[in-house]
Amino acid sequence: MINLSGLTKRYGGTTVVHGLTLTIEPGLVTGFLGPNGAGKSTTMRMILGLDRPTAGTALVKGRRYEEFRHPLREIGALLDAKALHPGRSGRAHLLAMARSNGIPAARVEEVLATVGLSDAARKRAGVYSLGMGQRLGIAGALLGDPGVLMFDEPVNGLDPDGVRWVRELMRSLAAEGRTVFVSSHLMSEMELTADRLVVIGKGRLLADAPIADILAGGSTHRVKVRGPHLRDLAAHLAAEGATAEPTAPGELLVTGARAEAVGELAHRLGVPLHELSPQDTTLEQAYMELTADSVEYAAPHPEAVR
Ligand SMILES: Nc1ncnc2c1ncn2[C@@H]1O[C@H](COP(=O)(O)OP(=O)(O)OP(=O)(O)O)[C@@H](O)[C@H]1O
């Protein structure tokens, strides 16, 4: 379990993490989402004792990271996969970590096998691909068989097989009763992997809820409509404040109106429909709504720069 209480970090005059209070429970994968610069890495660094909070506390199993004699046996983390000694082999890197935390050398071979790096273990980490570096970082996190695991963008640079492997690894670690806290910008992946989500924006907590609640909270209704003569319907929907976008010949995607309202309007106008189907909210849509006011580095929409 990880407990954050009033966790705050200021750099100079800027507060990058604002009083975060939340609990990350064992037995679940908790996704950690937020736009670039939201404060995710800073929060994770404070949990790992790499940055000192300006105020508040970050506790792992009720203790500060610095209080652990063998921290790798309590919390394993992948923060920056590139933070490796380039001249050291993958095996030597893990052996040094194991030695410093009283972990038997045999465990190094186990985690190398778990992440699929046994054959590459003698190569210098400096020649590892991005994906191999991620796998080595994950091996390091697993090394001490810790009850709490934290991963910052673990699928970065992994091929589709690797992405799927990470998803299954996270799920199995949580199923073993461990606390799994994982940040990602890949919404479709998070939707498949996480049980709960913590969303922050500009350092502030925006949501802390089961993924199903976050999906249900997405307020924008979307309805797919098919029919042979939709022009009138589209014009009336637009006049009522909804958006009706043609997605294929004889097909509209209506945003901002419920299926019931679209169906009744079509009936009043005498417009025959071949399909009227509410569309599920995706995590990406729910996330965009949640963070709309918190995006700091927004690029102009492609339409706007033409
Ligand atoms: N050592 C530092 N000194 C000054 N500002 C910092 C420092 N570290 C982070 N920041 C600032 O804190 C803010 C939060 O950064 P952080 O890396 O935690 O965000 P993030 O949510 O992990 O972003 P991303 O998704 O882009 O990785 C940013 O504005 C960043 O510039």
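1. Helix α5 (residues 160–175) lies across β3, β6 and β7 and runs at about 150° to β7. Angles here run from 0 to 180 degrees between N-to-C directions, with axes fitted to C-alpha atoms, for helices over the stretch in contact. Helices (H or I, at least four residues) and strands (E, at least two) are DSSP runs, numbered from the N terminus.

2. This is a predicted model, in which local features need pLDDT of at least 70, side-chain atom pairs count only at pLDDT 80 or more, and totals for chains, interfaces and linings use all residues. Residues are numbered from 1 along each chain as its sequence is written.

3. Six strands form an open sheet with mixed pairing, in the order β5-β6-β7-β3-β8-β9; strands pair if DSSP finds at least two bridges between them. β5 (75–78) and β9 (204–210) are the edge strands, each with a single partner, so one side of each has no neighbour in the sheet. The twist from one strand to the next averages 15°.

4. β8 (residues 196–201) pairs with β9 in the antiparallel sense over six bridges. V199 has A207 in β9 as its bridge partner.

5. The axes of α2 (residues 90–100) and α3 (residues 106–114) come within 9 Å and cross at roughly 130°. That makes α2 oblique to α3 (under 35 degrees is roughly parallel, over 145 roughly antiparallel, 65 to 115 roughly perpendicular, the rest oblique).

6. In contact terms (C-beta atoms, placed from the backbone, within 7 Å), R91, L94, L95 and A98 in α2 meet R107, V108, V111 and L112 in α3.

Methods:
Two residues are in contact if their C-beta atoms, placed from the backbone, lie within 7 Å.
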